[in-house]
Amino acid sequence: MKKKDMKRLFKANPDFEAWLMQDPSRVAAIRANPAAASDLFKRWNDRKKGIIDFDNITQKTKRASEMLSNVQSIMEMMSDYSKKQSER
């Protein structure tokens, strides 16, 4: 993205510029690579619209389910061991 295009983008979307200024790493990313402005604008626009990242939620849910299954199997093993100990 050219400097002139970025100025137009900032003028049309002052909230985007304010969002960029909140984090120095975003400003540094744009200064180092002006083409990153379009990616950051897309991210800001998606966040602004409140789009839900279903892929991320799905991954976290799957991971939590796997952990719960592991804990459940451990608890069952401990229960079986306790039953065997009490029968002796």
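**Figure 1. Arg 26 reaches a backbone oxygen of Trp 19.** In this predicted model, a polar atom in the side chain of Arg 26 sits 2.6 Å from the backbone oxygen of Trp 19. You'll find Arg 26 in helix H3, which covers residues 24-32. Is Arg 26 buried or exposed? Arg 26 counts as buried because its relative accessible area is 14%, and the cut-off for buried is under 20%. Setting aside residues up to four places away in sequence, Arg 26 touches Trp 19, Leu 20, Leu 40 and Arg 43. One of those, Leu 20, gets its own view next.

**Figure 2. Leu 20 is a buried residue in helix H2.** Helix H2 runs over residues 14-22, and Leu 20 is part of it. With a relative accessible area of 3%, Leu 20 is buried. So which residues does Leu 20 contact, if we skip its neighbours within four places in sequence? They are Phe 10, Arg 26, Val 27, Ile 30 and Leu 40. While you're here, look for Ala 37 as well: it is 17 residues from Leu 20 in sequence, and the two C-alpha atoms are 9.5 Å apart in space.

Figure 3. Phe 10 belongs to helix H1, made up of residues 3-12. Its relative accessibility is 18%, so Phe 10 counts as buried, given that the cut-off is under 20%. Leaving out residues up to four places away in sequence, Phe 10 touches Phe 16, Glu 17 and Leu 20.

**Figure 4. Ser 38 is a partly exposed residue in helix H4.** Helix H4 spans residues 36-49, and that's where to look for Ser 38. Why does Ser 38 count as partly exposed? Because its relative accessible area is 35%, which falls between the cut-offs of 20% and 50%. Ser 38 and Leu 9 are 29 residues apart in sequence, yet their C-alpha atoms are 9.4 Å apart in space.

**Figure 5. The whole chain, zoomed out for context, has five helices.** There are zero strands here, and the pattern along the sequence reads α-α-α-α-α. The C-alpha trace spans about 80 × 25 × 20 Å along its principal axes. What is the radius of gyration of the chain? It comes to 25 Å, while a compact globule of 88 residues would have one near 12 Å. Of the 88 residues, 18% count as buried. As for contacts with a separation of 6 or more, 49% of them involve residues 24 or more positions apart.

**Figure 6. The surface of the chain and its charged side chains.** The chain exposes about 7,600 Å², with carbon and sulfur atoms supplying 56% of that area. How many positive and negative side chains are there? The chain has 19 positive and 12 negative ones, and the centres of the two sets lie 10 Å apart.

Methods. Residues are numbered from 1 along each chain as its sequence is written. This is a predicted model: local features need pLDDT of at least 70, side-chain atom pairs count only at pLDDT 80 or more; totals for chains, interfaces and linings use all residues. Side-chain values use heavy atoms; hydrogens and water are left out. Helices (H or I, at least four residues) and strands (E, at least two) are DSSP runs, numbered from the N terminus. The radius of gyration is taken over C-alpha atoms; the globule rule is 2.2 Å times the number of residues to the power 0.38. Buried means under 20% relative accessible area, exposed over 50%, partly exposed in between (1.4 Å probe, protein chains only). Contact means heavy atoms within 4.5 Å. Accessible areas come from the Shrake-Rupley method with a 1.4 Å probe; for residues, only the protein chains shown count as cover. Lys and Arg count as positive and Asp and Glu as negative; His and the chain ends are not counted. The place of a charge is taken as NZ of Lys, CZ of Arg, CG of Asp or CD of Glu. A polar contact is a pair of N or O atoms within 3.5 Å; within protein, one must be able to donate a hydrogen and the other to accept it, and residues adjacent in sequence count only if both atoms are side-chain atoms.
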